[in-house]
Amino acid sequence: MNANSNQSASSEELISSQALIKRDADSVAGTIYRYTDIAFQRGDGVYLYDFEGHRYLDFVSGIATMNVGHCHPQVVDAIRDQAQTLIHGASHVGYLEPYVDLVEALKATAPGDLQSGKAILVNSGSEAVETAIKLARFVTNRPMILAFTDSFHGRSMGALSMTASSTLFRQRLSSLLPGVHHTPYPYCFRCPLKYASPEECDLACVNLVEKALTSVVPPDDLAGIIVEPIAGEGGYIVPPEGFLFALREICDRTGALLIADEVQTGLGRTGKMFAVEHGGIEPDIICLAKALGGGLPLGAALAKSELMDKWPPAAQGTTFGGNPVACRAGLASLEIIQQQELMPHAVEVGEFIQKRFMAAQKEFPMIGDIRGTGLMIGVELVNPDGSPADEIIKAIIKEMGSKGIVLTKCGASAIRIAPPLIISKEQAAEGVDIILSVIGNHQWE
Ligand SMILES: Cc1ncc(COP(=O)(O)O)c(C=O)c1O
């Protein structure tokens, strides 16, 4: 282990990580896949620590969740205060101030008509997506949903029907929600239509949506189009300019609702509060989770009021959704993102990271593509023939853990870089150096 060692670790603690991993193997379902071999004991800012006191630079923030870093004092105080006041009340039983406060704060940051919108709080990203799909089908009274390959919308059976980033999630689960149709996400580095560049294709992926609307999806049957403004789990894929705008136009023409799944992209990660802002569009519904709860489980579906107002009382709800402690943690996190100007900071550090990888591309030809916005960056590793380096990416990610950095992959072979937005340039540089040194160990023969 080459990670920095915390000298205060006692000899008793030295066996703890291994012991925990053994206990985990005996009792926790094997389907929970671990990208690293690290057992996290505590977190502080941009660092995680194992039971032996080894320090790890967290380059993935619990999957784009700890936007303000681990155990931020303001978030900890908010959790402590609320836990001493009211832990649970259930939103169907009575009215909850933290719930209203968080929804108001979210609306204030939302684009266009969503500023006067209404939201339902739930427990996770999957549930936020379920809520959006149910709302779209209910208010339009239409059955079909259009989604994209390479997208991830969650693993519950409804959300999974839209998820199409890997067949791994769907194995033996086919016959999901009927009426879901997929067309290709504009993954320009590996263009599904084999165009050389986005300039050349004239948004051919949008043409495939149009084609679907004349072949398999009757426009009057389309309840909504669900899209990640940047595909997350699918590989941190940034669509070309004009793509989201074209989807907005199709929705306006057909009467379908545009649902932006901002579970991973939302709340400052891309340098804007919502990634749809980069495309200059307003969706009808936004799904949020991950960073929303400041580290506690919380999701939201925020929709235009005229849509939410059509949904009758009790049509949707959940016992824990909008839990007061999670809402207070989320509010504190939102305040930090805004007050400490973490969004422009994310843009600056994100550009710095991308430039560092671009400069290294010549020396490390395994780096096939560098893409992203703000602190949502994908570094795609390739084989000499240009195919995804999917055979070695897992080993590379695990090795990075042993060098003191926590990372995961996304897509077939991209390194997913999503550190807390509070990361400094120096810390970012340290992380990039470690990543490059590990890539160097796996260079092509
Ligand atoms: C874009 C997107 N939507 C939905 C989900 C599902 O969220 P959860 O894991 O909280 O159910 C995820 C999770 O990674 C996601 O990235």
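Mentor: Let us begin with a single residue. A contact is a pair of heavy atoms within 4.5 Å. Leaving aside neighbours within four places in sequence, Asn-67 is in contact with Gly-266, Leu-267, Arg-269, Ala-291, Ile-337, Leu-342, Pro-420, Leu-421 and Ile-422. This is a predicted model, in which local features need pLDDT of at least 70 and side-chain atom pairs count only at pLDDT 80 or more, while totals for chains, interfaces and linings use all residues. Residues are numbered from 1 along each chain as its sequence is written, and side-chain values use heavy atoms, with hydrogens and water left out.

Trainee: Where is Asn-67 found, and is Asn-67 buried or exposed?

Mentor: Two definitions are required. Helices (H or I, at least four residues) and strands (E, at least two) are DSSP runs, numbered from the N terminus. Buried means under 20% relative accessible area, exposed over 50%, and partly exposed in between, with a 1.4 Å probe and protein chains only. Asn-67 is found in the loop between α2 (61-64) and α3 (73-83), and counts as buried because its relative accessibility is 1%.

Trainee: Which side chain does Asn-67 join in a polar contact?

Mentor: A polar contact is a pair of N or O atoms within 3.5 Å; within protein, one must be able to donate a hydrogen and the other to accept it, and residues adjacent in sequence count only if both atoms are side-chain atoms. The side chain of Asn-67 is joined to that of Arg-269 by such a contact, of 2.8 Å.

Trainee: What does Pro-420 touch?

Mentor: Not counting residues up to four places away in sequence, Pro-420 touches Gly-45, Val-46, Asp-58, Ser-61, Met-66, Asn-67, Gly-69, Arg-269 and Leu-375. Pro-420 is found in the loop between β15 (414-417) and α15 (425-441). Pro-420 counts as buried because its relative accessible area is 0%.

Trainee: How should I read the backbone angle phi?

Mentor: Most residues other than glycine have a negative phi, and most peptide bonds are trans. Cys-71, in the loop between α2 and α3, has a positive phi near 50 degrees. Glu-341 also has a positive phi, near 50 degrees, and lies in the loop between α12 and α13 (342-360). Glu-341 counts as exposed because its relative accessibility is 54%.

Trainee: How many residues does helix α8 have, and what distance does α8 reach?

Mentor: The expected span of a helix is 1.5 Å times one less than its number of residues. Helix α8 (residues 204-215) has 12 residues and reaches 16 Å from its first C-alpha to its last, close to the expected 16 Å. Its buried residues are Ala-204, Cys-205, Val-206, Val-209, Ala-212 and Leu-213. They pack against β5 (144-148), β6 (180-183), α7 (198-201), β7 (222-227) and α9 (243-254).

Trainee: Which residues of α9 are buried, and what covers them?

Mentor: In α9, Phe-243, Leu-244, Ala-246, Leu-247, Arg-248, Ile-250, Cys-251 and Thr-254 are buried. Their cover includes β5, α8, β7, β8 (257-261) and α10. Just after α9, Gly-255 takes a positive phi of about 80 degrees.

Trainee: How is the protein divided into domains?

Mentor: Domain bounds come from an automatic or database domain assignment. Here the division is into domain 1 (13-64 + 341-441) and domain 2 (76-339). The domain centres, taken over C-alpha atoms, are separated by 25 Å, and 33 residues of domain 1 are in contact with 28 residues of domain 2.

Trainee: How many residues has the largest nonpolar core?

Mentor: A nonpolar core is a set of buried Ala, Val, Leu, Ile, Met, Phe, Trp, Tyr and Cys residues joined through side-chain atoms within 4.5 Å. The largest has 121 residues, and those with the most contacts inside it are Phe-357, Leu-381, Ile-415, Ile-417 and Ile-435. Helix α12 (residues 324-339) gives the most to this core, with 8 residues. The core draws at least three residues from each of domain 1 and domain 2.

Trainee: Which residues are around the ligand?

Mentor: A residue is counted if one of its heavy atoms lies within 4 Å of the molecule. The residues are Ser-124, Gly-125, Ser-126, Phe-152, His-153, Gly-154, Glu-228, Asp-261, Val-263, Gln-264 and Lys-290. A side-chain N or O atom of Ser-126 is 2.6 Å from an oxygen atom of the ligand, and one of Asp-261 is 2.7 Å from a ligand nitrogen atom. A polar side-chain atom of Gln-264 lies 2.8 Å from an oxygen atom of the ligand.
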